[in-house]
Structures are given as structure tokens and as C-alpha cells.
Amino acid sequence: MEAALGLLRRMPPKQSETALSALLSLLPQHSSDLLSQVDLPLQVLRDGESRKDFILCEYNRDADSYRSPWSNKYHPSLEDALYPSSELRKLEVEANDIFAIYRDQYYEGGISSVYMWEDDNEGFVACFLIKKDGSKSGHGRRGCLEEGAWDAIHVIQVGPEEEEMAQYCLTSTIMLSLTTDDESSGKFGLSGSIRRQMKMELAVAEGHLCNMGRMIEELEGKLRNSLDQVYFGKTREMVCTLRPPAEIVQMRLPDT
């Protein structure tokens, strides 16, 4: 099981679904563990009633149907489906509206969805999702890549309130995949994923959404910096070492 998870962590996000399917056929006895611990690139479905797109994941799935955060209906329709309580549904609606603003300001486009459900510890769990297509034909405003995708998954477990305080446990996963293809750089691809966790105990005076929003903003900023340093920084270092820019080559040439 540990070897399988290690292999999936090292697979490019575009190939993770194929790799997971192969591992499920090899390790059927670990299927539930693999499905619960492996994050796959996010998929999108259209809600015909609200005329808005929403993101599909394990957190809004029941059987083979997915619940829309906009209409609170399953697609396709499902009898005896699971729904959040009326109080949690109200918080979910507010979170979707606020997170759409966050997505627009930070990502300049894309699709976002927020799902919430009760847990067994008298608290609740919230899942904040963002999918940004940065390709030329994508739904971003600055699409300049041949292919490009950014999938962000933020799952927050909120404990019950005690003396106006609550425990928050945030697990964030970022999956990045991009490909360029032009005359100046040629065809180049870069992909990978990163996961981090943050735990905090915060006062609930300002509300759960304020606390969760600050945690997501802080951890997502750290993840972006890590991706920039690890993926882009190391790639830039290798490319410039193997194929230094023309001006650097010119500086190194001896005078004749």
C-alpha cells in the first residue's frame, strides 16, 4: 500500500487516473484506501437549472451522482441521497459566493465549488475546490499555454466549538500541469503535485468562513511559493545550465 501511494505521488497528474485504475486491478483489497487517499484531476459538470458549472469530486458524490452546490440537486437525480443540514447548507451557499470572489481575484477566472457535510465528532467538514484552465482555449483570461491546468483541493475539518474556540485541520493539495509549444522555446511540459497540512485553534467570533478563508489563503500562498521554487526554480536552473541563453554564452566566449 505504501509503495502504491508513493508511486501515485510521483506520477504526473494527467496520468494519475490511468495509474490508479491499474493499481486497483492489482490491489483490489486496498481499493477503498486508494480511492480515499488519492486525489485525481478535477472534472467539471454543468448544472442545467442554475446554468453554472460545478466541480466533481469524492466529496459531493453519492453512488454515481454528484451534487451541485448551486441548486443542491444531484446529477443525475438520485433517490435517498445525502444532503447537508439546513444550517450547514446555508453556510455552504455563503461559502460558494465568497469563494467565487476569492477565485476571481486570485486566479482571474476558473471554476470553484464548496461542499460541506457533518462528521461524527459533532463538527463538520468543508471542501473548497478550484479548477483553472490556463490553455489558449480554456476559461481563464490569460490563456497562453498549449495545455495548462491548476487544480486546488482544500479540505478543512472543523471541530465542535468549546468556549468560543474551534479546532481547524486543513489539508491542501495542488496539482499543476502545463505544456508550451512555440518557435522560441519548442515543446516543453511540466507537471506535479504538492500537499501540505495546517492545524490551528481559532476563536469563532468572526465566524467559521473568516477563519477557513484566512487558513486557505495562507497555505495556498505557501504552496505557490513551494511550486515556484521547486518546479519552476529547479527547471529554470537545469535549462539554463544545459542550454544557457545566448547572451550568457557570448559573455563566456574569449576575446579574439
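The crossing of α1 and α2 is right-handed, a term for a near helix turned clockwise from the far one by less than a right angle. Contact here (heavy atoms within 4.5 Å) is made by Ala4, Leu7 and Leu8 of α1 with Ser16, Ala19, Leu20 and Leu23 of α2. These residues divide into 6 nonpolar, 1 polar and no charged.

This is a predicted model, in which local features need pLDDT of at least 70 and side-chain atom pairs count only at pLDDT 80 or more. Residues are numbered from 1 along each chain, and side-chain values use heavy atoms, without hydrogens and water.

Two packed helices are described by the angle between their axes and the distance between the axes.

| Helix pair | Angle | Axis distance |
|---|---|---|
| α1 (residues 2-9) and α2 (residues 16-26) | about 165 degrees | 10 Å |
| α4 (residues 86-107) and α5 (residues 208-242) | about 30 degrees | 12 Å |

The angle makes α1 roughly antiparallel to α2 (over 145 degrees). Helix α4 is roughly parallel to α5 (under 35 degrees).

The crossing of α4 and α5 is also right-handed. On the α4 side, the contact includes Phe99, Tyr102 and Tyr106. Among the α5 residues there are Glu217, Glu220 and Arg224. This contact divides into 9 nonpolar, no polar and 4 charged residues.

Aromatic rings come next. The structure holds 6 aromatic pairs (ring centres within 6.5 Å). Ring pairs link Phe99, Tyr102, Tyr106 and Phe128 into a cluster.

Lys52 lies over the face of Trp70, at 4.3 Å from the ring centre (NZ within 6 Å of the centre and within 35 degrees of the ring normal).

Conventions
Axes fitted to C-alpha atoms, helices over the stretch in contact; angles between N-to-C directions. Helix = DSSP H or I, 4+ residues; strand = E, 2+ residues; numbered from the N terminus. Parallel < 35°, antiparallel > 145°, perpendicular 65-115°, else oblique. Nonpolar A, V, L, I, M, F, W, Y, C, P; charged D, E, K, R; others polar. Phe/Tyr/Trp six-rings, centres within 6.5 Å; stacked < 30°, edge-to-face > 60°.
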